[in-house]
Amino acid sequence: MPFGINETMGQYSELFMLLAAGTYTVAFIAFAWDLAKSSKALRAIDLKAAQADESAKVPVAAGAAARSESHLAGPAGRTERPSSSTARPAGTGGGGVMTADGDMRYAAERRAPARVAVALTVLGAVIHGAGVLTRALGAGRVPWGNMYEFLTTGAFVAIAVFLLVLIRRDLRFLGTFVVGLGIIMLVAASVAYWTPVGHLVPALQSYWLIIHVSIAVLSSALFTLTFAMSALQLVQSHRQKTVAAGGADKLGFMRLVPSALSLENLSYRINAIAFIGWTFTLMFGAIWAEKAWGRFWGWDTKEVWTFVIWVVYAGYLHARATRGWTGTRAAWLSIVGYLCVIFNFTIVNQFFNGLHSYSGL
Amino acid sequence: MSERVNVKKKSSTLAGGKERGDKVAEAKADAALPALGPVGMLRWAWTQLTSMRTALFLLLLLAVAAVPGSLFPQRPANPSVVTQYIKDNPDYGKLLDTLQLYDVYSSAWFSAIYLLLFISLIGCVVPRAIAHYKAMRSQPPRTPKRLSRLPEYGTLVIPADAGIPASEAITSAAGVLKNRGYRVEVRDAGGERPSLGAERGFAKEVGNLVFHTSLIGVLVSVAIGGLFGYSGQRILVEGDTFVNTLVGYDQFTPGTNFQSSQLQPYSLQLDKFDITFDRESRGKIGQPIDFSASVTTKENPDAPAQKEILKVNDPVTLGGTSIYLTGNGYAPMVTVRDGEGNVAMQGPVVGKLQGDNYYSSVVIKVPDAKPDQLGFQGFFLPTAFVSNEGVSYSGDPGLFNPQLTLNSFYGDLGLDDGAPQNVFEIDVRNLTPLNARNLAAGGIKLAPGTSYTLPDGKGTISFDGVKRYIGVDIHHNPGQLYALIFALLAVAGLILSLYVNRRRVWVRTGTHEDGRTMVEYGLLARGEDHRLAGEADAVRKLLSAEWQLAADADPAKSQQTPSSSPDNGPGAATTSAPRTPAGPSGPEKDQ
Ligand code: HEM
């Protein structure tokens with residue numbers, strides 16, 4: 001028999017979720033401000049540099065100019081790929097288009113709005129974490145038993161993973177995206193999927209819920225990061241090509257974003273971790289299905305889509321090792337994979353009938 | 001395995017692996033294209049099929065092909081829904097059936113895709129396994145001429161007074177690398193320019209091969225389950241016993257190679273079934289939150305009885321099968337006496353769930369009633385309410401106000417002609433109604449402990465009480481343990497393949513004319529390796545420690561830009577050293 005329900009805790013949880021969403025909103029504005037401001041500041045530096053006619057004075061570009069040719073090649077038409085390119089600052093991807101560090105390490109220069117944004121995100125995440133925790137206490141179980149809880153907890157994990165990666169890498173250029181997504185998830189949870197604290201149906205009462213779902217949520221959080229990076233990679237690669245061909249650089253804020261190749265390399269590494277996570281999700285799901293329904297695989301809708309996602313990301317890993325498929329095409333696969341993740345979570349949970357139809361709606 | 005290196009692929013050992021293999025294969029294929037005999041044709045097809053590009057294509061195709069199975073109802077899961085779907089969509093329902101869209105995962109086209117994929121996989125894994133076996137037994141590749149061209153490159157200088165000549169430096173470097181897990185070969189140890197080649201990380205490729213091979217293992221295990229497994233269903237009312245023989249099942253699905261001798265005659269008796277309903281969550285009151293079936297099992301007829309609890313997510317295993325709790329409901333107990341006053345039927349009637357709160361339909365067939373066979377059809381409500389519109393509904397899943405409402409019929413039930421009938425349905429076309437709402441006699445409404453006398457002296461029916469029943473699924477799948485083992489192997493292989501790095505290190509030493517020993521080293525990774533620079537640093541530190549060189553604070557030094565020295569000799573790379581013509585990257589032989 002499960003523990004009792006604590007309604008008061010549940011109400012506290014909802015209050016925390018609201019506060020977290022508010023804090024994130026301010027953080028989102030700060031991240032956006034950072035992008036806008038930096039792109040302005042960068043343009044000013046460029047201007048000065050141009051006036052002095054001494055492009056070597058542009059901070060990172062100076063060192064980068066002397067980099068080995070592979071970094072200059074950019075993702076377009078790349079046939080040989082440096083094996084350790086992310087280990088060094090790969091500054092340029094076509095002559096001064098890039099200011100961001102290809103290594104995604106923190107640079108010395110301070111970006112005050114970005115610092116504020118990160119601080120606010122941390123604050124939001126703490127409040128959000130309290131919301132998740134009180135939800136768990138209120139229901140007396142893990143806080144991922146229905147759509148509302150998947151969303152609120154999933155948003156928390158996505159933001160927490162983002163913050164954790166931030167410790168090592170300067171991915172602040174993803175801030176608007178990740179925090180924006182977190183806000184959307186929280187709002188969607190509260191508006192469309194709100195569910196009061198409650199017990200789990202017997203089918204969900206299993207330690208496999210803890211194992212299987214937590215790994216799925218973690219992997220999805222990582223896929224979220226790589227989705228954003230792959231999307232930026234496409235934009236960046238397009239921009240690099242345009243600039244290299246002598247076109248005008250219309251997307252100034254993209255200077256904060258590392259080169260397409262650096263994006264591709266880091267998102268590959270994150271996707272590799274997430275793929276292992278997804279493999280476990282699939283396997284543990286199968287083991288649980290065996291325990292609950294007597295067969296480990298039955299092509300239930302949810303199983304089908306979990307499988308499809310797995311195959312798409314396996315395709316992505318293959319693409320990275322297939323000539324002609326690296327770069328842009330691989331990025332598209334990563335994006336398609338993520339769209340499948342979203343589809344699997346939203347549409348499949350709600351509109352498809354299957355054994356998994358206990359999303360709490 | 002693509003060599004993602006900015007090294008000019010001069011030496012064949014450097015530019016190895018798939019990339020080159022692909023090129024060769026493609027070149028071959030191109031060359032062979034104009035005049036293909038049957039053998040050439042086959043070879044060409046085989047090369048195409050086993051190429052990485054085809055594997056990728058088939059993988060993506062597999063993903064796409066799996067999707068329709070989630071869009072259309074599938075026969076294996078829900079045959080009746082499929083039939084209904086075809087009925088509801090007369091214009092294209094049949095067409096979808098010819099396209100096997102209701103049996104996607106056993107369809108010809110889906111099978112073709114995954115079989116091709118697996119053939120491609122085998123065609124890819126076998127040659128790679130052979131090649132890797134050879135690579136593991138052969139020496140590390142020869143030392144490239146210009147180590148400075150490698151993605152990681154650095155130099156060290158051992159002062160003349162340290163007394164470590166070039167030959168000794170190379171052997172001690174070999175020791176260092178061996179300790180770090182490299183397989184090392186020293187070349188030209190006594191010569192002027194001794195060098196060593198070292199390699200590690202063979203587990204990466206092994207992992208990759210294990211991963212891919214295990215996928216085949218999983219597929220085979222699934223096939224074994226389909227051949228030798230079986231599954232079935234049974235409904236058990238409290239007090240009922242199931243015996244594992246063919247007649248014990250309500251429904252039985254054998255695998256292709258099933259034999260009834262496989263069934264071990266164990267027994268399972270349902271003693272009691274308990275449900276806990278949610279009485280506290282807002283909006284969820286009355287939802288079941290715990291199912292618990294107390295059962296008594298016997299491994300075989302003579303074995304001692306054992307008490308066990310069967311729950312959702314917690315099957316009972318018995319005689320090589322697993323027994324799952326998959327459904328439950330109420331079974332009202334009734335007694336029917338016929339027109340001659342004899343008990344014609346007595347016992348539980350399984351109610352089929354129809355709506356909320358265990359609103360269930362019941363069908364009672366009494367073929368033994370005389371002079372006429374009797375039939376009843378109606379509903380059971382655990383907590384009966386009547387809405388303002390006069391519609392009955394069940395207000396709670398618990399037994400607060402149980403009620404049985406029935407219509408009755410008499411005549412020939414049609415059970416004698418041997419055609420199998422669904423126990424949950426009654427065909428009333430050939431029967432004469434006795435009780436119904438629109439008849440003078442009205443419908444039958446019974447509470448527990450009450451009885452009703454049928455019109456025209458046809459008999460009586462009494463409602464004696466309520467029991468619960470459970471539905472169990474019984475499965476035997478001999479392949480599933482193997483599937484699990486292969487899946488675990490696959491994950492292990494995948495992790496190795498993604499996280500072990502295959503690296504090569506070369507070191508070359510030489511003596512400067514002023515007596516110092518010059519050392520240069522280079523590193524190369526096969527495949528993706530973002531930690532190669534870290535490895536270069538580690539190797540540099542270890543070598544420095546070995547020769548007690550002052551640890552240089554700035555490892556970036558080893559990545560001196562070519563601007564300071566066009567040909568990157570070791571002398572140039574180290575800040576203090578003067579340029580030296582004896583730099584190992586000079587015009588010496590490639591060994
Ligand atoms: C059932 C289908 C397959 C799946 C799910 C699958 C999955 C994977 C995965 C996840 C990787 C990444 C591991 C790594 O990067 O080392 C990989 C790598 C690889 N796969 Fe497959 N594979 C399949 C079929 C094939 C087939 C048919 C071939 C051969 C034609 C193949 C050839 C390769 C190769 C050469 C790599 C190494 C790529 C690299 O080193 O980056 N795979 N495979």
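Which residue in S24(B) is the bridge partner of B:Arg504? The structure is a predicted model, in which local features need pLDDT of at least 70, side-chain atom pairs count only at pLDDT 80 or more, and totals for chains, interfaces and linings use all residues; side-chain values use heavy atoms, without hydrogens and water. Residues are numbered from 1 along each chain as its sequence is written, and chains are lettered from A and ligands numbered from 1 in the order in which they are written.

The partner of B:Arg504 is B:Leu524. Strands S23 (residues 502-511) and S24 (residues 517-526) of chain B are joined by 10 bridges in the antiparallel sense. Strands (E, at least two residues) and helices (H or I, at least four) are DSSP runs numbered from the N terminus, and two strands pair if DSSP finds at least two bridges between them. Both strands belong to an open antiparallel sheet of 5 strands in chain B, ordered S1-S24-S23-S3-S2. Its edge strands, S1 (152-158) and S2 (183-187) of chain B, each pair on one side only.

Helix H8 (residues 166-179) of chain B lies across S1, S2, S3 (195-200), S23 and S24 of chain B, at about 160° to S23(B). Helix H9 (residues 202-228) of chain B packs on the sheet and touches S2, S3, S23 and S24 of chain B, its direction making about 165° with that of S23(B). Contact means heavy atoms within 4.5 Å; axes are lines fitted to C-alpha atoms, for helices over the stretch in contact, and angles run from 0 to 180 degrees between N-to-C directions.

A further open antiparallel sheet in chain B has 4 strands in the order S5-S7-S8-S9.
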